[in-house]
Amino acid sequence: NFTPNAFVEEMVAELKEKVGNDKVVLGLSGGVDSTVAAVLLHQAIGENLYCVFVNNGLLRKNEYQSVLDQYKGMGLNVKGVDAGDRFLSELAGVSDPETKRKIIGRVFIEVFDDESHLIEDVKWLAQGTIYPDVIESVSVKGPSATIKSHHNVGGLPDYMKLKIVEPLRMLFKDEVRRVGASLGIDPELLGRHPFPGPGLSIRILGDITPEKVQILQDVDKVFIDGLKSWGLYDKVWQAGAILLPVNSVGVMGDERTYEKVVALRAVESTDGMTADWVHLPYDFLMKVSNDIINKVKGVNRVVYDISSKPPATIEWE
Ligand code: XMP
């Protein structure tokens with residue numbers, strides 16, 4: 001039986017003991033896991049925790065600035081690094097999902113490594129790795145068990161020479177949220193849907209361009225804002241939009257259009273290992289589909305993903 005308060009107490013003591021007076025660097029992602037890991041460490045070691053928040057250019061619309069502001073408001077010592085252009089230029093022309101993940105993982109480490117070298121005498125790297133990341137990445141059932149290479153696990157090159165500390169490594173997502181609540185983290189932040197490290201890159205099927213990122217950010221915003229205003233956001237474990245690599249014929253006024261198709265995905269899950277698609281109300285789907293097509297230039301068709309995991313996965317790539 002998991003008790004968040006006891007976990008916090010024990011983990012803070014363990015972190016103090018383990019890390020002592022060393023400096024620790026941590027990459028914040030804007031998500032629940034890295035935020036909870038940061039606040040835990042901040043409680044244990046205070047100003048010796050140095051947080052870095054990298055904009056990979058593949059975050060949700062306006063999220064880089066708003067999340068950075070939120071972190072500063074929480075008293076965390078955080079530096080924002082806007083590397084969006086660098087990521088997007090490295091990704092140009094790349095369509096293969098695993099190659100996208102590898103590029104993003106590599107560039108992230110390069111950016112992060114540069115940043116950690118600016119912190120004098122840093123000894124530790126903290127990560128918000130949680131239990132499902134560990135078991136989905138480390139092959140325990142044979143080669144096919146390495147389903148997707150989660151870039152935030154085991155991706156540490158030797159040259160960084162940092163020791164790793166992962167305070168949430170044994171926890172499931174719901175436990176992480178409960179720990180966050182007992183640490184006094186804003187419930188809205190804790191209730192945020194999970195968002196993959198490679199961000200929108202794995203929701204843009206095919207190659208990635210700045211224009212596609214912008215279209216998908218706009219679509220995603222209409223969808224997520226819609227879920228919130230209909231009171232559906234908290235009933236869904238994860239939601240997002242996918243930009244498909246096909247154009248479809250439509251009609252606007254008297255004009256024939258030939259534009260992009262987006263898929264909407266909303267799932268129920270407890271830990272992301274299995275998932276069911278959510279039976280969103282037809283009225284909501286109708287409204288959000290109209291809003292997307294009317295507001296986002298370049299999209300003329302919206303479809304809804306009704307596949308469960310397994311055999312599908314939550315993300316399309
Ligand atoms: P799948 O698509 O494998 O997703 O059913 C399960 C959960 O993991 C997230 N996901 C990722 N998270 N790096 C991450 O940090 C990744 O490469 C990655 N791929 C999938 C996905 O959003 C879902 O919550």
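Where is the place of Ser34? I began my notes there, working on a predicted model. I found Ser34 in helix H2.

**Entry 1**

Ser29 sits in the loop between E1 and H2. Is Ser29 buried or exposed? I counted 21 C-beta neighbours inside 10 Å, so Ser29 is buried, the cut-off being 20 or more. Setting aside residues up to four places away in sequence, Ser29 touches Ser34 and Gly197.

Ser34 has 22 C-beta neighbours inside 10 Å, and therefore counts as buried too. With the sequence neighbours up to four places away again left out, I noted its contacts: Ser34 touches Leu26, Gly27, Leu28, Ser29 and Gly128.

**Entry 2: the nonpolar core**

Next I went looking for the core. The largest nonpolar core has 73 residues, and Val24, Leu26, Leu41 and Val219 have the most contacts inside it. Helix H2 (residues 32-45) gives the largest share of this core, 9 residues. I also checked the domains: the core takes at least three residues from each of domain 1 (4-190) and domain 2 (209-304).

A general reminder to myself: in soluble globular proteins, nonpolar side chains tend to be buried together.

Beyond four places in sequence, Val24 touches Val19, Leu41, Ile45, Asn48, Leu49, Tyr50, Trp124, Ala126 and Val165.

How many residues of domain 1 are in contact with domain 2? I found 9 residues of domain 1 meeting 10 residues of domain 2. On the domain 1 side of this contact, I sorted 4 residues as nonpolar, 1 as polar and 4 as charged. The centres of the two domains, taken over C-alpha atoms, are 28 Å apart.

**Entry 3: helix H5**

I tested the length of helix H5 (residues 97-117). At 1.5 Å a residue, its 21 residues should span 30 Å, and the end C-alpha atoms are 30 Å apart, so the two agree.

Which residues of H5 are buried? My list reads Lys100, Arg101, Ile103, Ile104, Val107, Phe108, Phe112 and Ser116. These buried residues pack against strand E1 (23-28), strand E2 (49-55), helix H4 (84-91) and strand E4 (122-126).

While at H4, I stopped at Ser89, which lies in that helix. Ser89 counts as exposed because it has 11 C-beta neighbours inside 10 Å. I also took the distance from Ser89 to His193: 28 Å, C-alpha to C-alpha, across 104 residues of sequence.

Most residues other than glycine have a negative phi, and most peptide bonds are trans. I went through the exceptions with that in mind.

Asn62, not a glycine, has a positive phi of about 65°. It lies in the loop between E2 and helix H3 (63-73) and, with 10 C-beta neighbours inside 10 Å, counts as exposed.

Asp121 also has a positive phi of about 65° without being a glycine. I placed Asp121 in the loop between H5 and E4; its 6 C-beta neighbours inside 10 Å make it exposed.

Methods
Residues are numbered from 1 along each chain as its sequence is written. This is a predicted model: local features need pLDDT of at least 70, side-chain atom pairs count only at pLDDT 80 or more; totals for chains, interfaces and linings use all residues. Domain bounds come from an automatic or database domain assignment. Two residues are in contact if their C-beta atoms, placed from the backbone, lie within 7 Å. Ala, Val, Leu, Ile, Met, Phe, Trp, Tyr, Cys and Pro count as nonpolar, Asp, Glu, Lys and Arg as charged, and the others, Gly among them, as polar. A nonpolar core is a set of buried Ala, Val, Leu, Ile, Met, Phe, Trp, Tyr and Cys residues joined through C-beta atoms within 7 Å. A residue is buried if 20 or more other C-beta atoms lie within 10 Å of its own, exposed if 12 or fewer, and partly exposed in between; C-beta atoms are placed from the backbone. Helices (H or I, at least four residues) and strands (E, at least two) are DSSP runs, numbered from the N terminus. The expected span of a helix is 1.5 Å times one less than its number of residues.
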